[in-house]
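User: I am new to this structure and would like to know what the terms used for it rest on. Please take me through them.

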Amino acid sequence: MISKILIANRGEIAVRIIRAAKELGIETVLVHSTADKESLGVRLADQSVCIGPPPSTDSYLFYQNIISAAEGLKADAIHPGYGFLAENPLFAEACRAMKIKFIGPRSMVIRNMGDKAKAKALMKESGVPVVPGSDGIIESIAETHDIIKKIGFPIIIKPSAGGGGKGMRIVYRQDELEKAYNFASNEAQQAFGDSRVYIEKYIGNPKHIEVQILGDRHGNVVHLFERDCSIQRRHQKLLEEAPSPTVDKETREKMGEIAIRAAKSVGYDSAGTIEFLYDRETKKFYFMEMNTRIQVEHPVSEEITGIDLIKYQIRIANEEELDIKQEDIIRRGCAIECRINAEDPENNFNPSPGEITQLIVPGGPGIRVDSGVYPGYKIPPFYDSMAAKLIAWGNNRREAVERMKRALDEFHIEGIKTTISFHKKVLKNKEFLSGQYTTDFVSKFFN
Ligand code: ADP
């Protein structure tokens, strides 16, 4: 039985994990860099331990140190949150070697799904629809010719080790191909230390729809419906909602079934997400990638199902069998999440770290705030810029939207710039309100 979890993360997700662990009666230890010694998580955890200086390579990514801390403090499990070590199979393996439970899937699944070209090939074999393109890595431009003949322009070149929207390049014409290929592989090398790329058809104006799943170590897999994450800037999500306002009942059922098939085909045994691109016109959807971790936007799925995903992650790592069946998972209402980032939307979304001099957090019916900040807290400049997540639930989409607008008006953060003003504009936008928006929404209305 897990009795003490070490949390190898920071910010709001560290707080979220502490809350789940406490409700399960499990002790928590939070690791932190010197830049995070005043964090909210450090205040809320039962114990905390400094693991290094601010740069994440010397602290949050330095996993040998983190495992030593877990051993020294007698933690029997590690939750990696998202980012940092969450999708590092070496870390998951190192935990296992030290007999510490890694709260996430088996390392083999992390490894296979982390290689996006390989993941696509595995999914295709299992009968999951994938975006048409290369069957795996492209070693040279010459190799692209036959594929492009088949799928036609535009295409997108994507790093196989990809994440965070980095290194992707859209190509509309043959004469752009060489430059784009070199750019994508160079950027992939810089960002991920891995220059391998693959290509796929560039789907015009798709929706990004993803299905939340939960699998256990006894072969059971359920899904928690879909999230619509099409409000993105430079391929990074800013606002998410569940369910998707444009996915109909039949498509929802199909997506859920396919997501379960995808998860079962790799023996998935934790919380995870299957990402699809969805073409509104043909109602076709294509597997894009699988994220083998908890995601930032998980609260919208929790709000519409009443299921605590982090608690389930912990219980699954504890070898427990899922005590819910698909038919027990009932969808109720709609939920929207706005990412409140310390960024200046008026100035190209530049990071805006610094001290929060005043803070008024919204509340009331249907409002949830998952945050890592408090008045007087200084957001350090070393990490990602997310300060809080504002989640609004309503009996229907209209009520969720009105609640979100009301909560955004209540939310006051002084001392730093935030994305609150951006979200207020999105919530008033006719295309957003129609639910028909696609991944080009932000570039169309805000650039
Ligand atoms: P990352 O792992 O870097 O986040 P993804 O594969 O999840 O990359 O893609 C991120 C976003 O890029 C998608 O949500 C979508 O907006 C866009 N995208 C990716 N592949 C395609 C494609 N084939 N056609 C159109 N848009 C795409």
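User: Which strands form the open sheet of 8 strands, and in what order?

Analyst: This is a predicted model. In the sheet the order is β13-β12-β9-β10-β11-β14-β21-β19, and the pairing is antiparallel. From one strand to the next, the twist averages 25°.

User: Why are β13 and β19 said to stand at the edges?

Analyst: β13 (284-291) and β19 (367-371) each have a single partner strand, so one side of each is left without a neighbour in the sheet.

User: What makes β9 and β10 a pair?

Analyst: Two strands pair if there are at least two bridges between them. Strand β9 (residues 207-215) and strand β10 (residues 221-233) are joined by 6 bridges and run antiparallel, so they meet the rule for a pair. Leu214, for instance, stands opposite Val222 in β10.

User: Which strands does helix α11 touch?

Analyst: Helix α11 (residues 309-317) packs on the sheet and touches β9, β10 and β12 (271-279). Its direction makes about 40° with that of β9. Helix α1 (residues 11-23) lies across β19 and β21 (386-394), and runs at about 115° to β19.

User: Why is the pair Glu23 and Lys311 called a salt bridge?

Analyst: The cut-off is 4 Å between a side-chain nitrogen of Lys or Arg and a carboxyl oxygen of Asp or Glu. In Glu23 and Lys311 the closest N and O atoms are 2.7 Å apart, so the pair counts as a salt bridge. Glu23 belongs to helix α1 and Lys311 to helix α11, 288 residues apart, and the pair links distant parts of the chain. By this rule the count comes to 41 salt bridges.

User: What are the domains, and how are domain 2 and domain 3 placed?

Analyst: The chain is divided into domain 1 (4-103), domain 2 (132-201) and domain 3 (207-445). The centres of domain 2 and domain 3, taken over C-alpha atoms, are separated by 28 Å. Their contact takes 5 residues from domain 2 and 4 residues from domain 3.

User: What is found across the interface of domain 2 and domain 3?

Analyst: The rule finds 1 residue pair in polar contact across it, and 0 salt bridges. About 410 Å² is buried between domain 2 and domain 3, with 55% of it on carbon and sulfur atoms.

User: Which strands make up the open sheet of 3 strands, and why do β7 and β8 stand at the edges?

Analyst: The order is β7-β6-β8, with antiparallel pairing. β7 (169-171) and β8 (197-201) each have a single partner strand, so one side of each lacks a neighbour in the sheet. Here the twist averages 25° from one strand to the next. Strand β6 (residues 155-159) is joined to β7 by 3 bridges, and Ile157 has Arg169 in β7 as its bridge partner. Helix α6 (residues 116-125) packs on the sheet, touching β6 and β8. Helix α8 (residues 177-192) also packs on the sheet, touching β6, β7 and β8.

Conventions: Residues numbered from 1 in each chain as written. Predicted model: local features only at pLDDT ≥ 70, side-chain atom pairs only at ≥ 80, totals over all residues. Heavy atoms only, no water. Helix = DSSP H or I, 4+ residues; strand = E, 2+ residues; numbered from the N terminus. Axes fitted to C-alpha atoms, helices over the stretch in contact; angles between N-to-C directions. Contact = heavy atoms within 4.5 Å. Domains from an automatic or database assignment. Buried area = accessible area lost by both parts, 1.4 Å probe. Polar contact = N/O pair within 3.5 Å; in protein donor to acceptor, adjacent residues only side chain to side chain.
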